[in-house]
Amino acid sequence: MSKKNSSLFCPKCGKTSGNFIQGFCQDCFLEDHDLISIESRLPVEYCTRCLRLKFRGRWVTQTETVLQDLVKGHLKIKQIVEPEIFIELNPLGSGETQTRITVSGILNEEKIRIEKAILLIPKKDHCNACNKMASGYFESILQVRWKEREKGEKIQKKMEDFIKDYLDRESEKDPMSFIAKKSITEYGLDYFLGSKQAARKLSRVLVETFQGELVTSFKLHTQIKNEVKKRLTYCVRI
Ligand SMILES: [Zn+2]
Ligand SMILES: [Zn+2]
């Protein structure tokens, strides 16, 4: 113990210099106080079919930001003023993600920086949309009918690609925008879609893009078990 720093003496490890917090050196203080706490193995529910993550009760597309927010949501920080959180994700081959959390801020007027390593553990699940898709569920039918068969056959492939791209993009916002079934006839295309909103929007976009007209939309009442379901049909003539 140095005489010069006699006021600084860690009763636990004997250290006499560096940052001191409430009479202990920073290392010893942090050993006894969990200023940041979080599960060391944090389960992350994901859908095995579409790979979306369950985040705040919703199924969302997996991104680094979503994973970081998920970790932040489980993190509890005590006593640190103006904490800044930095999260580094390192996906492992096993599917787990090694995660390093760094919290820096002010504690007792001293700058402090604490690191913690945890593992994100994937937990297999199925999202509602994928469950419905697997059961053949659909809410609406989108019909495309050719005004002239020859012209229709020419643009058929282009149209199928367009519809697929549109629904892929739409499913980022609305997971129910899936194709439950598709049938191709000589008169045109029939799409059975999981979402009624998607069918309505798509029919309008098709009319605009391919200079078609919305011929009719009608309701089809289907009895499923004891429930009468309304299914909307949109018919676009191209
Ligand atoms: Zn100490
Ligand atoms: Zn899914």
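How many bridges join strand S9 to S10? In this predicted model, local features need pLDDT of at least 70 and side-chain atom pairs count only at pLDDT 80 or more, while totals for chains, interfaces and linings use all residues. Residues are numbered from 1 along each chain as its sequence is written, and chains are lettered from A and ligands numbered from 1 in the order in which they are written.

To take the opening question, 11 bridges join S9 (residues 97-107) to S10, and the two strands run antiparallel. Strands are DSSP runs of E with at least two residues, helices are runs of H or I with at least four, and both are numbered from the N terminus; two strands pair if DSSP finds at least two bridges between them. Ser104 stands opposite Arg113 in S10. Two residues lie between S9 and S10 in this hairpin, and Asn108 in the turn has a positive phi of about 50°. S10 (residues 110-125) also pairs with strand S4 (residues 41-47), here in the parallel sense and over seven bridges. Within S10, Ile121 is the bridge partner of Pro43.

Turning to the helices, H4 (residues 149-173) has 25 residues and reaches 34 Å from its first C-alpha to its last, close to the 36 Å expected at 1.5 Å a residue; that expected span is 1.5 Å times one less than the number of residues. A kink of about 50° in H4 is centred on Ile155, the bend being the angle between axes fitted to the seven residues ending there and the seven starting there. The buried residues of H4 are Met159, Ile163, Leu167, Glu170 and Ser171. They pack against strands S11 (140-145), S12 (179-185) and S13 (188-193) and helix H5 (196-209). Glu150, also found in H4, is exposed because it has 7 other C-beta atoms within 10 Å. The cut-offs are 20 or more other C-beta atoms within 10 Å for buried and 12 or fewer for exposed, with partly exposed in between and C-beta atoms placed from the backbone.

On the scale of the chain, the domain assignment gives domain 1 (20-125) and domain 2 (128-237), with bounds from an automatic or database assignment. Their C-alpha centres lie 43 Å apart. Glu150 and Arg113 are 37 residues apart in sequence and 70 Å apart in space, C-alpha to C-alpha. Along its principal axes the C-alpha trace spans about 100 × 40 × 30 Å. Of the 238 residues, 22% count as buried.

Key: Two residues are in contact if their C-beta atoms, placed from the backbone, lie within 7 Å.
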